[in-house]
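Here is a short report on one helix and some ring contacts. Keep the sequence and the 3D view open as you read.

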Amino acid sequence: MRFLLALCLGLVALATASQSPLQRRVVKEVLEYFHGRSNVHFLFKEQAVEGAVERVNASGTFVQLRVSLVQTACRKRASQRHNCRALENRRKPTCLACYKFDSGDVPKVLDKYQNCGPSHHLAVKEIKQRDEAECRAVEEAGRSADALYLPGMFAFSRGLPA
């Protein structure tokens, strides 16, 4: 039993080492988002990161990943958060995260989408389609057409004399 836990923690450490800084930032923000929910009373840890996608284009960097979480024995509000052991047969939610960062030296979040729930919940066809649509919208954030448009711009340009 302890061997499995040690193996799991070793795999998480290996996965964390291979993640880009933006991917680590997204995982951190997903954990903050998940712990900020009112129905979450225990601390959760990252168990695995799957399907990590990172695409860079002129409008910024798009990051999409699925984070599997595991419940720990510590309460969410506990002061000691580092020595929390994972509980085997407890809740193991999965979070889908899509983030779009600008291309600055310190990347700012242009848009984001997060959805957390039981892993079987995120596999439902309707939810999967909604997640895909939301992630496409996040990826489109910051494109040049969006950046140049200001409210009323079209109306005023139509009224100008030729």
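The charged end of Arg 75 sits over the ring of Phe 42, 4.8 Å from the ring centre. For such a charge, NZ of Lys or CZ of Arg must be within 6 Å of the ring centre and within 35 degrees of the ring normal. This is a predicted model: local features need pLDDT of at least 70, side-chain atom pairs need 80 or more, and totals for chains, interfaces and linings use all residues. Residues are numbered from 1 along each chain as its sequence is written, and side-chain values use heavy atoms, without hydrogens and water.

Now the aromatic pairs. Rings of Phe, Tyr and Trp (its six-membered ring) pair if their centres lie within 6.5 Å; planes under 30 degrees apart are stacked, over 60 edge-to-face, the rest tilted. The count comes to 2 aromatic pairs.

| Pair | Centre to centre | Angle of planes | Type |
|---|---|---|---|
| Phe 34 and Phe 44 | 4.9 Å | 80 degrees | edge-to-face |
| Tyr 99 and Phe 101 | 5.9 Å | 20 degrees | stacked |

Phe 34 lies in helix H2 and Phe 44 in strand E1, so this pair ties together parts 10 residues apart in sequence. Helices (H or I, at least four residues) and strands (E, at least two) are DSSP runs, numbered from the N terminus. Phe 34 and Phe 44 are buried (under 20% relative accessible area, 1.4 Å probe, protein chains only). Tyr 99 and Phe 101 are buried too.

Beyond its neighbours within four places in sequence, Glu 29 is in contact (heavy atoms within 4.5 Å) with Tyr 99, Val 109, Lys 112 and Gln 114.

Terms used: Buried means under 20% relative accessible area, exposed over 50%, partly exposed in between (1.4 Å probe, protein chains only).
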